[in-house]
Amino acid sequence: MSAAAISVTDLRKSYGDFQALRGIGFDIREGEVFGLLGPNGAGKTTTVEILEGYRRRDTGSIEVLGFDPQRFEIGFRERIGVVLQQSQLLPNLTVAETHRIFAGYYEQPRDIDEVIQLVGLAEKRDARVRTLSGGQKRRLDLGLALVGDPDLVFLDEPTTGFDPAARRIAWDMIRSLRSLGKTVLLTTHYLDEAQELCDRVAVLREGLIVRIGTPAELRGTSLETEIRYRKDGQDVVVRTLEPTRVLSELTAEALAAGRELEGLEVRRPTLEDVYLELVAGE
Amino acid sequence: MRLFLHQLRAEQLQFWRSREAAIFIFVFPMLLFLLLGSVYSGTISGHPAREVLLAGMLGYGAANTAFAGLGISLVIRREGGLLKRIRSTPLPAATYLGAVLVSTLLVFALQAVLLLVLGRLLYGTHVPDRLGSLALVLLFGAAAFAGLGLAVASLIRSAEGSSAAVNVILLPMAFLSGSFGPTRRYPEVLRAIGDALPLRYFIKLVNGVYLDDRAPWHYGTAAGVLAAWGVAGLVVAARRFSWEPRSA
Ligand SMILES: Nc1ncnc2c1ncn2[C@@H]1O[C@H](COP(=O)(O)OP(=O)(O)OP(=O)(O)O)[C@@H](O)[C@H]1O
Ligand SMILES: [Mg+2]
């Protein structure tokens, strides 16, 4: 097991009387892709922005790449890349110019054309930023987060607004970050994204972590299997802890009656099912 | 230094690429000068009217570029999240703001040169004898207005209203300070208000150096008032400036 890139203990943050984070803790290992899930207002952006150094914590201890982000040291900023939940950068400059400007801020930037290629904007290299579509602007944000060749990348809803193909490109890109040994902390509302990309996820609800683990572990916490089929034109859904017995009964019955179990489907709950259970409350 | 020059270049690129900025900030004072210059003629208080107008336009240009232009662009950058995003890069805040400031002064310097050239070519205004002193005074004034630009950017809360809000300050100030012509015949009240405004003192300085051909230190009081306004702007900015969007 490698060292922790991020470690958080008993982190709390209030806005006035409102407790946005009510004591959360987790570690993210170097090279890990870690996902924060949770409904709107759960505290994801608050957590990420405290770790980026933008917001001050009330109590708790955090260490990010060995730094205290709150001190906002240049050495820290050299090593992180940031995609904010929303930003509107330099509308009148081109994609390449924007990358070149940001690359200039770092000691050892990546080659900008390589980055532009990586985020799938090669065709828009010389287009003004204001003419890009929403998803393309998001990819620009992603490119700018990578141009400094950071060790740790924060992505707050990086693929919101992406079409399915762009999402696949972003996923490939995030996977390639992992293969380069980068650590990634991302937030997302897409459960398939978390399942595809994340080594581990934490589910936040109302400022508390309600579950943390690998996507497989999270799915494993719900033991029911779902069996679906159609009978007389109606969808039938059976949830059971004993799929073998139920299936056997169903098939025996159908065989005896000489019917087909139309549209038979047997599936384990997806991460989304488990997630919806978790955030719906006890 | 490398970072500063890098950012200065980036700022210049951004300014000239933005059509609105280039027209309203850079071209507009020259248009106004041409327009008013074709209306005014003869002399005002013993000086050629068009030279008086030129001095007023240099004042208006400084306030328009360094106060209005800088203020509006900082609000738009802040509300769009650019300032916040820049903060997470290794570019030091002071380098960034320094480059933004110097870039603004550069734009104004170019504008001032063009105003002087236009005046010379079209209206026969004289080339200043004390070029060095005039340059110094212009930079000093533009810096003071930049301080006020930082302040106004810190006080405005949203990008939508920023341009209107800034112009509601700028235009009456320019009018009351004599940018568009002498204020001698204005009602007492208006002149009294004008006498409190920084642009009034800036124009006084420019008049002194350009029209009366006197050294700038003869106008210590005017320079003092102008500097006080600039410093007050910086104090407000130091207390209220924000890198993060206000109306998120
Ligand atoms: N600057 C602030 N001032 C006051 N309240 C805030 C501030 N920022 C966030 N909050 C509140 O804190 C809670 C958590 O907000 P946060 O932005 O962290 O949620 P999130 O999980 O990122 O939500 P989303 O999925 O919508 O992005 C919300 O109830 C929000 O209203
Ligand atoms: Mg958020």
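Student: How do the residues of the shell around ligand 1 divide into nonpolar, polar and charged?
Tutor: There are five nonpolar, seven polar and three charged residues. Here Ala, Val, Leu, Ile, Met, Phe, Trp, Tyr, Cys and Pro count as nonpolar, Asp, Glu, Lys and Arg as charged, and the others, Gly among them, as polar. Before we go on: this is a predicted model, where local features need pLDDT of at least 70, side-chain atom pairs count only at pLDDT 80 or more, and totals for chains, interfaces and linings use all residues. Residues are numbered from 1 along each chain as its sequence is written, chains are lettered from A and ligands numbered from 1 in the order in which they are written, and side-chain values use heavy atoms, with hydrogens and water left out.
Student: Which residues come nearest to ligand 1?
Tutor: Of the 15 residues around the ligand (a heavy atom within 4 Å), the nearest are Gly41(A), Lys44(A), Thr45(A), Thr46(A) and His189(A).
Student: And which element gives the most to that shell?
Tutor: H1(A) does, with three residues. Helix H1 (44-52) and strand S2 (18-29) of chain A each supply at least two. Helices (H or I, at least four residues) and strands (E, at least two) are DSSP runs, numbered from the N terminus.
Student: How far is an oxygen atom of ligand 1 from a polar side-chain atom of His189(A)?
Tutor: That distance is 2.9 Å. A backbone N or O atom of Gly41(A) is 2.8 Å from a ligand oxygen.
Student: Which of the residues of H7(B) are buried?
Tutor: Among them are Val166(B), Leu170(B), Met173(B) and Ala174(B). Buried means under 20% relative accessible area, exposed over 50%, partly exposed in between (1.4 Å probe, protein chains only).
Student: What do the buried residues pack against?
Tutor: They pack against helices H3 (49-79), H6 (131-155), H8 (188-194) and H9 (198-211) of chain B. Contact means heavy atoms within 4.5 Å.
Student: Last one: is Arg2(B) buried or exposed?
Tutor: Arg2(B) counts as exposed because its relative accessibility is 52%. Arg2(B) also touches Gly104(A) and Tyr106(A), not counting residues up to four places away in sequence.

How values were computed
Polar contact = N/O pair within 3.5 Å; in protein donor to acceptor, adjacent residues only side chain to side chain.
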